[in-house]
Structure formats: structure tokens, C-alpha cells
Amino acid sequence: MFHLWPRRRGARIAATVLLAASCVAAVVSVPAVAGQSDSTPVYQNPKAAIVARVNDLLHRMTLEEKVGQMDQILVTELRAPSAPADGDCNGGADQPLQTVCLQRVLIDNHTGSILSGGTDNPADNTGKGWAEQYNAIQKFAIDNSRLHIPIIYGVDAVHGFGHPFQATLFPQSIGMGATWDTRMAEAAGAATRQQLLATGGNWNFAPVQDLARDTRWGRYYETWAEAPVLAAELGAANVRGMQGGGFDAAKIAATVKHFAGYSQAINGHDRAEAQLPIRYLQDTIFPAYQGGIDAGAATVMVNSGSVNGIPATASRYLLTDVLRGKMGFKGVVISDFGDVGALVSAYHVAADFAGAVAKAVNAGVDVSMTPNDYTGWQSAMLQNVRSGAISEARVNDSVRRILTLKFQLGLFDQPFVDASKANAAVTANRDLARKAAGESITLLRNEQGASGNPTLPLRTDLGKIVVAGPSAGCAAPGPDCAAAVANQLGGWSVSWQGPFQQLDPADHRNCCIGRPDQIPDATTVFQGIKAAVSASTNVVLARDQQTAVSEAATADAVVVAVGEKPYAEGLGDFPAPALAADQQALIAALQATGKPVIVVVIAGRPLALGPGARTSALLMAYLPGTEGGSAVADVLFGKVNPSGKLPVSWPSESTQSPPLSQFNPGAPSLPGDQPKFLDLLPGTNFGQGSGYNPLFPFGAGLSYTTFQSSGLSASATVSAKGTVAVTFTVTNTGTRAGTNVVPVYVHRPVSDVVAPNRRLVAFARVSLNAGEATTVRLSFPVSRLAVTPADINGAGTPAVEPGGYEVRVDNLTAAFTVRR
Ligand code: BGC
């Protein structure tokens, strides 16, 4: 995130520009522990056990040094336009590192961790530039700190390492969620790991394990799914890929964020209040984070918002009792950006910074993403320890965890990266990214055309195809291309708010977008289509509605790429997520030509589509990444048979929902009737059952072939601690090879606590040739059915109610009983 904190003024210190670091091993000469003379300290012995190394180092550290390990400071604090004569070290992006600033932050204040937030790219924003910047900072810390302690470097590589502008970028998580493919989530994590290993960002603030339950929220696209089981499984796989399997010597730390309930603000806004009954937290919210934690995620980031009137950053219940006590997390907990200070400035639960620091640390925060005030952090922590507000034992707990992480990452032994390999590493894996995007694209409508065939797939030898819409792409590189590229990448790509936007100069998002000369090398929809069709096909790019309509008159098909501009965090909050009026009008005008209109939505969330919801064919492409245009073309022309399924419910539109439209007949299509999610509890609302009436339900997604499930059976009886075995057969009943995602739900006919009509408990992904069948055998732990017992104030331990349940697969059911 960019920062709005005031620039600080410090003492006048002579400065020199830092020289680039070379790849050298860590330094050896170390002060001995008082009263002990040892020339080879245990902590510097790579062969010693990590626990022994941590104990040895901790023993040598002063309180000031320990406290510094608990702080994370923005890289901008290490930069200035030139050696700052007045000591002002708060330099913006593109400014060089300055020795005086490094000295002050890393050495004088012992800061143990550096962050590049969303906007903090180095001047040379390439893989090599990032690697060299990291090496230089790391070398300074190791060479000059008394105990030669390496830093740990935080970045947000949320869909690949998005900052170096040539990087390969995967679909944003919401698209990865639509793949329902845990192997792909793991492979994407592993590819991101390769990018980070080469560039030095060893602490990755991903994956986001918050649930997607409110399309108004600007971070919806950063999440996997609305269903806890889907989010948990994809997150777990991603963590495994990112951390390289096991965590010992992992070299990259993943972060489960933002714990907990960050996506659940009551008004759809970022960092706003959430009101979450313990039952909902325990039964629905926590399990998604648990998936990442059980997969071994090294760190957890705290929710910036408040839950039930308490800022998460100050909640001992959340960060210690639940996270460590109940969920078994053993790693490092980091606050989000500036959130310790926010306990004073926003929440007013502390009178001053020292009070805020005491609340956060005593709640369970190990590292504060401060992000600028390193002297304030030092003095607040020292004051708290001296006054007894924070015990030294509590400090030791945190520092032990942080040092353990640094040893596990190998930072004491191999602290540097090879900058000469970084450019190749960040641009690798294009084919994998294309495959991921292809798997994510979700076919939501495919109507029969005049020929009696479905609109899609298109033939590659059509005479003329018109491509229109603001996300279609460009004929030649330029601002239109930059806009379309930015639209398909979304936020956290090059910069916080995305690589490019054509904004009003007064727009406050101007602060945080990338640079026009750093547009990623991505394939747009137009380019993808051009590359897919025959040499004789005329592909016309229509830049405006009038051209599109007149060209459509002689076209065989029209493809309109619509959606959203890039955004991130609160700047992406959108109270009425809908296609812009001019995009709805473009679709309607093209439909009026009578030609088949294929709408491709490139957006981070379901939008009200208006005429787009009633078009010949509708593809949801999410934010598909650098290979998005090729992937869309792969699906349009049938090279890839679509298998993406909505990982969320697509809310109905207000004009389609009778109880709402009666108030405003003829209103344009607006998003209506949300939040909407599959496990909404049933109610008594005028016979609409659960009230679950989305435009497209959770799990929706068509294929160019057809599948049928049959022969469902489940274990007849199980214990509450057991697993339910489920068997069914999937047959490809169509004429093409394809992949079918099969969600497995459980229904509870009668229960004490109101149960959702369907709860997702497992899923399968099956690839079959035409006519082929396979038997799927899977199992799920009965614990996935646990609910918090008792009345409205239920807050006890979730338990599985004994009694009758029903497994549901497509329209099949199989009963089973949980024994008492
Ligand atoms: C976001 C985090 C992110 C951090 C560091 C914050 O604004 O909420 O998700 O990891 O910035 O960039």
C-alpha cells in the first residue's frame, strides 16, 4: 500500500550512495555473550539445530536489537533523491537507496524487516533491479549490524510477483478459484516462488484466505471463493507451492491473511466494521484460514478492521486464544499496514502510540508493519518493557519466532540472490499462466444460433469477426493497449492500483498507478483472436460503438470485452457493482444488429450486466493475467473446452427480482439482492426458500460437452471423528473431451442449529474423453459438518450433531448417519 504518513525530519548525517552488493556469504566476527569467549558462535554454524542457533543469538541480543526485529519499515525510508543533508530519508519510488538512511533504519534502530508496499518499485523496475536492491539492503544490514542479522523482505506477490513490469502474471485469485484445481493453485504458488527466489522478496503476503461474500468490497478479486472448503483447499495448495513443500529451508514464507473476517464488513467497504457472531466465525470464517495454516503457512497477517467492536489488531481472543490456542498456529503474526498506529488514530482504543503498541503486542502481534516510524516503534517498545506494560518474556517469544523464521528461510547462510538470473525468472511460466487462465474462464451462457448450434465454440475460419469493448485490446501498442492490459491484470500488477489508468488528473488513484512506459507484455483478447483464426479471417477492432455497429452488419460474430478498470483495496469499493452504462449500451446496440454477440467479462467480481446477461454467449474471464487474451481465444475457438465454475454466487439484478423491481419499474440493471451466497440459511421470506435466487449460482459453468453423474453412494454410518467416503460415476455424454468439476454438498434435513440447504464439503475435477466414464472416490472429514451448538449466544466448541445427513452430487442424493 502507498503511504500517507507525514515525511519525517531527522538529524543531519553525511550520506553516500550505496554501492550494489555482490553475492557474498554472511559475516563472521561476532561479539561474544557476556562472560563467554567463543570465536565460532553457534548461531552462525549452518550445521547447528535451528533451536540452538535461535537460543544462542537471542542470548546475545540487547533489548533494542530485539525490539527492532519486531518492526517492519517501508523501503521508501531507505531512499532519498540525493544524500539527504537534512536527514530526510523518506524518498518516493524511483529514488535511490542512501547510506545514511540505511544506517538509521537498519543499524541505529535495528529494524529487522523491510517492506515494498504496492507502489514502492525500485528505479529499475525489472527482476534484476529488484534483486539488486534487495542484495544491497541485505548486505548493508548484515555487514553493519553488530550481530550481522539479515533482514526479511516483505512483498505482495498475490498473482505472481507483479511488480517487475515484464513479469508473468497469473489470474487473480478469484479466477484461480474458478479452476477448482488444487494442482494449478500449487503450480501457480511454485511459479511465484521461483520469481521471488530470484528477486529477494522472501516474505510473501499471500494467499488471501478471506471469503468472497460481498461483491461491493474492493478486494473481492483477491480471494478464492465464497465457500470455506474451496478457499481452504486452494489456499493450502498455494501455500505448499509457494513454500516449496515442507517449510524447513523453505526460503519463501507465505502469509495467510487477513485474520479474521476481513472481507465481512457490514457495508461492503474495506477496513470497516464487521459484526460476526462466534457461531459464524467458527463454522464459516475460520475454516478458510485454517486450510492455509494446516498447510504450514509460516506467517499470518491480521485483519485491519474491527470485529464485534474490537480492532482485530488488539484482539487477544483472535490472535492468541483462537489463532494459537485453537488453530495451532506456531509462526509469526504481522499486523497490516500502519494498524498498530490506527489503534490510536482511527479506533481510539489507545491514548498514544506506546499504549497501542502494548495492546497489539499483548494481543499477539509479533511484527508491526509500522510502516514509517521506526524511532517511534523503538521508543514505544522500550518504554513499555521498562514500565512492565509488555514483559520481556513476551518480547522474547516474538523474537524467537522471528529468528526461527529467518533461520528456516536460510537467510543467515545464503542471504543473497543471483541478480543475473532474475529477469529470466520473472518472465518464465507463460504457458502455465495461459493454462491457468484457460481453466478459470467460465462459460455462463451459450445459446443456440440460427444454425441450431450453440454460439460457441466459433469456427476459426469465419469470414469476419468484430472485436469491441474497452477491454478488447489494441491494434498497435499505445494507450488503448495499455488500458486493456491493465484491465485484464487488475490491481497489484506493476503498481498498487494496476499498471495504467486513464484518469482525471484530479483522481486520487493517480497516486498509485504504474508508469506508461512500464506496460506488461500481455496478450489482449484482440491479439488472442487474431492469433487463433485462419489467415483469411478478417478480425476488425472497433474502437467505438458506431464503428462496432456498422462493422457488425457484415460480421459473422461479434466479441465484446467489457468489465472494470484496475483497482485495489478501498479505492475499489463499489456500492453498486455493475457494467458502466456505456458498456451496457454497447452490448445492446450490437445485439440490435441481430448478429451473435459474445460478451467477455473481464472483471474482479460479478457485475450487473443488463443486456449482457441475455446475450448469445457469456464468458466470465475474471482478471486473467498476462496470458488472458490467448486464454479467452482458446475458449472462444474450442482449443480449450471451458471447465471454469463460479467460485461465488452471481447476484441477481434488481430489474429481475420481482419484489425489488416493483418499486422502480424500468430501472437500468443494477446489482440487486446481495450479499448472496450458497450457504445462506433458509428463512420464511414469501416462499423464496433460502432467498437464494442468484443470476448464476455458485458452481455454475457450461462446457462444450455434457456430463452426467450416476451411482452415488456414501458410507452409511460414521463417527463424528470419522470420514465419509463418497463414490459416484461421471460420464462424458457429449461429443468432445472435457473436464468436469463436481461439487459435493451435504444437506441436513433436520437440525437444532439452522443448517444451510447445501454445504460444500468436497469436490472433484474429472477429465474425460467423449463417451468415457470414470468412478470418483473421495472422502471428507465429518468435522466439515461441525456447527457451534446452543442458542443465539452459542459460543462453545463446534461439534457435529449426530443424526441423518444427505450427500448431494448434481441431482443425486445418498443418506448417511453420524453416530452418537
Ligand atoms: C494490505 C495488505 C498488504 C500490505 C502490504 C496493506 O494495505 O491490506 O494486504 O499485504 O498493505 O503491502
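These legends accompany close-up views of one predicted model. In this model, local features need pLDDT of at least 70 and side-chain atom pairs count only at pLDDT 80 or more, while totals for chains, interfaces and linings use all residues. Residues are numbered from 1 along each chain as its sequence is written, and side-chain values use heavy atoms, with hydrogens and water left out.

**View 1. Gln518 in its loop.** Gln518 sits in the loop between helix H16 (479–489) and helix H17 (525–532). Helices (H or I, at least four residues) and strands (E, at least two) are DSSP runs, numbered from the N terminus. Is Gln518 buried or exposed? Gln518 counts as buried because its relative accessibility is 6%. Buried means under 20% relative accessible area, exposed over 50%, and partly exposed in between (1.4 Å probe, protein chains only). Beyond its neighbours within four places in sequence, Gln518 is in contact with Asn125, Phe165, Val494 and Pro499. Contact means heavy atoms within 4.5 Å.

**View 2. An open sheet of 3 strands.** The strand order is E17-E19-E22, and the pairing is antiparallel. Two strands pair if DSSP finds at least two bridges between them. Strand E17 (707–714) and strand E22 (773–781) stand at the edges; each has a single partner strand, so one side of each is left without a neighbour in the sheet. Neighbouring strands are turned by 25° against each other on average, direction ignored. Axes here are lines fitted to C-alpha atoms, for helices over the stretch in contact, and angles run from 0 to 180 degrees between N-to-C directions. E17 and strand E19 (residues 723–732) pair over 6 bridges. Gln708 has Thr731 in E19 as its bridge partner.

**View 3. The largest pocket.** Its volume is about 1,400 Å³. The search uses a 1 Å grid over the protein atoms alone: a cavity is a set of points where a 1.4 Å probe fits but cannot get out, and a pocket is an open set with protein on both sides within 12 Å along at least five of seven lines. Lining residues have an atom within 4 Å of a point. Grid points are joined across faces, edges and corners, and a volume is the space filled by probe spheres set on the points. The lining of the largest pocket has 50 residues; Gln282, Asp283, Thr284, Pro287 and Ala786 lie nearest the centre. Helix H8 (278–294) is among the elements that give two or more residues. H8 gives the most, with 10 residues. The lining divides into 30 nonpolar, 7 polar and 13 charged residues. Ala, Val, Leu, Ile, Met, Phe, Trp, Tyr, Cys and Pro count as nonpolar, Asp, Glu, Lys and Arg as charged, and the others, Gly among them, as polar.

**View 4. The second largest pocket.** About 690 Å³ of space lies here. Of its 31 lining residues, Pro470, Asn487, Gly563, Lys565 and Gln583 lie nearest the centre. H16 and helix H19 (581–591) each give two or more residues to this lining. H16 gives the most, with 4 residues.

**View 5. The largest cavity.** The count comes to 5 cavities of 30 Å³ or more. The largest cavity holds about 160 Å³ of space. It is lined by 18 residues, with Val158, His159, Ser173, Trp224 and Asn238 nearest its centre. Helix H6 (182–199) is one of the elements that supply at least two lining residues. H6 gives the most, with 3 residues. By class, the lining has 11 nonpolar, 6 polar and 1 charged residues.
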